[in-house]
Amino acid sequence: MTEDVELLDDLLRLCAAAGAEPEVHHSLPENRGSWEQAPMVLVGDDAAQRCRGAVRRRGVMLVGRDQDASDVWRRAVEIGAEYVLRLPDSESWLVDQIANASEGVGRPALTVGVIGGRGGSGASTLACALAVTAARAGRRTMLIDGDPLGGGIDVLLGGERAEGMRWPDFAHSKGRVGGGALEESLPALHGLRVLSWGRDDWVVIPPQAIRAVLAAARRLGGVVVVDLPRRVDESVAEALAQLDLGLLVVPGELRAVAAAKRVASMAGMVLDDLRVVSRGPYAAGLDERWVAQALGLPLAGELPLEAGLSVAQDGGTPPGGSARGPLARFCTAFWERALAPEGAGGRAGGGAS
């Protein structure tokens, strides 16, 4: 709400940056619902006096360009503003708030990372299966490929030629990425959205781009599954920092356990909640509990063997695509535990018993 042309231009520019379409008024709207129901109200310094007597509500911000306004706080109190913002100093913060308001800030997505204890452990297969089963259950789901050397997780889903953006398209993202815009830009496969790598030249994705994309994915709610590499660099550390929990897939072999210890040590420097998913067949004297104990981590479960998985994938069925298969049943049980409310059968994401 403002008649200040320069201020209005600034605010329209910030709304565009946040992916929001504003409703512009010069004074209090005749329809009281516009004032009371809008997710956010930005009032220009010039319009503050015209807001006297308006219904008090949350989300009102008094915005201006004059850094030396002497009575700005008095005007803010008169209209019940929660914040007083001066442009251009507050532009970055305000863009974030506008984007939050336009997208709706609910419960962030449960974000699960999957890491292989050694090469070929089946981490990407599990990541795909987790995403596919979550989407089949009607959950808003995004699968993010965090391993540039993994060959592209979209291949496991049969979507390497699907239209949509890949990681290289986000390489220069530094500011905020809109959650809705991100979701709409990605390939849609098997009821979920997938962010994978391109097939062209190598592109380095800086940590700030990783941070912006994952933050946008989390704001959408539902679940986010991230397939991560075994190494930990700055970009991977940024991804680990945004996880709610991590699953370390470890085959039941002594060498695999030894390799997984190094991976767990590096990931554990950033990720607080890391759990083991063991995978048979096991060497003599080993089982899933021995593997977890050897790593000093809680056991999330034992990844079942599923015959014919490669053949099914060649036929267009992704990992977890067969609802009655053992892999899908494992993933379904994991989500039921992980998404259970606190106090209903233990803490959210509780491990297998």
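Contact means heavy atoms within 4.5 Å. The model is predicted: local features need pLDDT of at least 70, side-chain atom pairs count only at pLDDT 80 or more, and totals for chains, interfaces and linings use all residues. Residues are numbered from 1 along each chain as its sequence is written, and side-chain values use heavy atoms, with hydrogens and water left out.

**Exercise 1.** State what share of the contacts with a separation of 6 or more joins residues 24 or more positions apart.

*Solution.* Among the contacts in the chain with a separation of 6 or more, 69% are between residues 24 or more positions apart. Of the 353 residues, 49% are buried, that is, under 20% relative accessible area with a 1.4 Å probe, protein chains only.

**Exercise 2.** Characterise the packing of helix H5 against helix H13.

*Solution.* Step 1: the axes of H5 (residues 123–136) and H13 (residues 326–338) come within 9 Å and cross at roughly 70°; axes are lines fitted to C-alpha atoms over the stretch in contact, with angles from 0 to 180 degrees between N-to-C directions, and helices are DSSP runs of H or I with at least four residues. Step 2: H5 and H13 are therefore roughly perpendicular, the term for 65 to 115 degrees.

Conventions:
Helix = DSSP H or I, 4+ residues; strand = E, 2+ residues; numbered from the N terminus. Parallel < 35°, antiparallel > 145°, perpendicular 65-115°, else oblique. Buried < 20%, exposed > 50% of the residue type's maximum accessible area, 1.4 Å probe, protein only.
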